[in-house]
Amino acid sequence: MWITIKLFAYYRDLAGTSSFAINVPVNATVSDLCTQIRQQYHRLPKEPYSLLVAVNHEYAETSHRLVEGDEVALIPPVSGGSA
Amino acid sequence: MIHLGTEPLDVSAIMKHASDVTNGAIVTFLGTTRNHSEGRQVLRLEYEAYEPMARQELQKIVQAVERKWGLRHISIAHRFGNVELGEASLVVAVGSAHRAESFAACQFIVDNIKKTVPIWKKEIFADGEAWVGI
């Protein structure tokens with residue numbers, strides 16, 4: 001099933017694109033998707049997933065099951081600043 | 001009121017949305033572009049936003065303030081694109097009957113924006129650039 005991936009900031013710079021479509025197996029989870037992305041797109045960071053993921057504009061757990069047409073955004077660390 | 005855009009922020013207009021005759025206090029915060037970061041000279045900042053989700057997350061923060069302090073006069077504006085030295089990228093204004101609640105709520109809003117709202121900041125130096133948080 002087809003999923004749209006959106007990339008921002010540092011991840012967009014690394015991947016060289018702000019958006020791409022990816023075909024994942026039916027019932028794939030966020031975790032499965034991240035593994036597949038890391039295998040197919042080597043320039044994305046391989047760090048253990050401190051990466052946040054949003055599905056259709058909501059933060060999602062790694063166990064979240066995807067459906068056809070979902071928009072998945074890879075969320076790099078947000079602009080912190082110190083208090 | 002929640003506003004996201006690339007134009008310079010109108011602080012008076014943003015504060016007006018937090019004002020009401022039932023309020024005895026309005027607390028306003030401006031996040032501005034600083035000319036230094038970890039010993040390096042900063043020329044400007046560039047902000048990028050995942051707009052639809054940023055609006056939703058800002059709305060959730062506003063709802064959290066309403067639940068926590070019962071406040072309803074809350075105004076948040078975040079700019080994206082280039083923000084020059086001294087200019088505001090973020091304005092938060094909160095009104096309350098007495099000042100303690102709006103001081104606390106304003107801090108809560110700013111702290112939570114920096115944790116959950118998908119807006120990223122890149123520092124532009126004379127000799128390079130870097131995304132903050134990486």
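Start at B:Arg79. This residue is buried, with a relative accessible area of 6%. The model is predicted, so keep that in mind as you click through.

**Stop 1**

Is B:Glu87 buried or partly exposed? B:Glu87 is partly exposed, at 29% relative accessible area.

**Stop 2: a salt-bridge network**

Salt bridges with shared partners tie B:Arg44, B:Glu46, B:Lys122 and B:Glu129 into one network. Select those four residues together. Zoom in on B:Arg44 and B:Glu46, whose closest N and O atoms are 2.7 Å apart in a salt bridge. B:Arg44 counts as partly exposed, at 23% relative accessibility.

Now move to B:Lys122. Its side chain forms a salt bridge with B:Glu46, at 3.9 Å from N to O. How many residues apart are these two partners? They are 76 residues apart, so this pair links distant parts of the chain: B:Lys122 sits in strand β8 (residues 119–125) of chain B, and B:Glu46 in strand β4 (residues 40–49) of chain B. B:Lys122 counts as buried, at 9% relative accessibility.

**Stop 3: B:Ser37**

Pick B:Ser37, in strand β3 (residues 36–37) of chain B. B:Ser37 is buried, with 9% relative accessible area. Which side chain does B:Ser37 meet in a polar contact? The partner is B:Glu123, at 2.6 Å between the side chains. Show the surroundings as well. Beyond residues up to four places away in sequence, B:Ser37 touches B:Val42, B:Glu123 and B:Phe125.

**Stop 4: B:Phe80**

Go to the loop between β5 and β6 (81–84) of chain B and select B:Phe80. Despite its place in a loop, B:Phe80 is buried, at 16% relative accessible area. The cut-off for buried is under 20%. Which residues touch B:Phe80, leaving aside neighbours within four places in sequence? They are B:Leu4, B:Gly5, B:Thr6, B:Tyr47, B:Glu48, B:Ala49 and B:Glu51. Then draw a distance to B:Trp131. The C-alpha atoms of B:Phe80 and B:Trp131 are separated by 14 Å, and the residues lie 51 apart along the chain.

**Stop 5: the largest nonpolar core**

In soluble globular proteins, nonpolar side chains tend to be buried together. Here the largest nonpolar core has 27 residues. Select B:Ile76, B:Val92, B:Val94, B:Ile109 and B:Ile113, which touch the most other members. Colour by element next: β4, α2, β5 (73–79), β7 (88–96), α3 (99–116) and β8 of chain B each supply at least two residues of this core.

Centre on B:Val94. Neighbours within four places aside, its contacts include B:Ala18, B:Ala25, B:Ile26 and B:Val27. Also among them are B:Leu71, B:His73 and B:Ile74, along with B:Ser102, B:Ala105, B:Cys106 and B:Ile109.

**Stop 6**

Show α3(B). Its 18 residues reach 26 Å from first C-alpha to last, close to the 26 Å expected at 1.5 Å a residue. The buried residues here are B:Ser102, B:Ala105, B:Cys106, B:Ile109, B:Val110, B:Asn112 and B:Ile113. Their cover includes β2 (25–32), α2, β5 and β7 of chain B.

Switch to helix α2 (residues 51–69) of chain B. At 1.5 Å a residue, its 19 residues should span 27 Å, and the end C-alpha atoms are 27 Å apart, which agrees. Among its buried residues are B:Met53, B:Ala54, B:Glu57 and B:Leu58. Step off the end of α2(B) to B:Gly70, where phi is positive, near 70°.

**Stop 6: chain A**

Finish with chain A. It has two helices and five strands, in the order β-α-β-α-β-β-β along the sequence. Of its 83 residues, 42% count as buried. Select A:Met1, A:Val55, A:Ala60 and A:Leu74, which are among the 21 residues of another core, apart from the largest one.

What share of the contacts in chain A between residues at least 6 apart joins residues at least 24 apart? The share is 49%. The accessible surface of chain A comes to about 4400 Å², and carbon and sulfur atoms account for 52% of it.

Definitions and conventions: Residues numbered from 1 in each chain as written. Chains lettered and ligands numbered in written order. Predicted model: local features only at pLDDT ≥ 70, side-chain atom pairs only at ≥ 80, totals over all residues. Heavy atoms only, no water. Helix = DSSP H or I, 4+ residues; strand = E, 2+ residues; numbered from the N terminus. Expected span 1.5 Å × (residues − 1). Buried < 20%, exposed > 50% of the residue type's maximum accessible area, 1.4 Å probe, protein only. Contact = heavy atoms within 4.5 Å. Areas by Shrake-Rupley, 256 points an atom, 1.4 Å probe, with all protein chains shown as cover. Polar contact = N/O pair within 3.5 Å; in protein donor to acceptor, adjacent residues only side chain to side chain. Core = buried A, V, L, I, M, F, W, Y, C linked by side-chain atoms within 4.5 Å.
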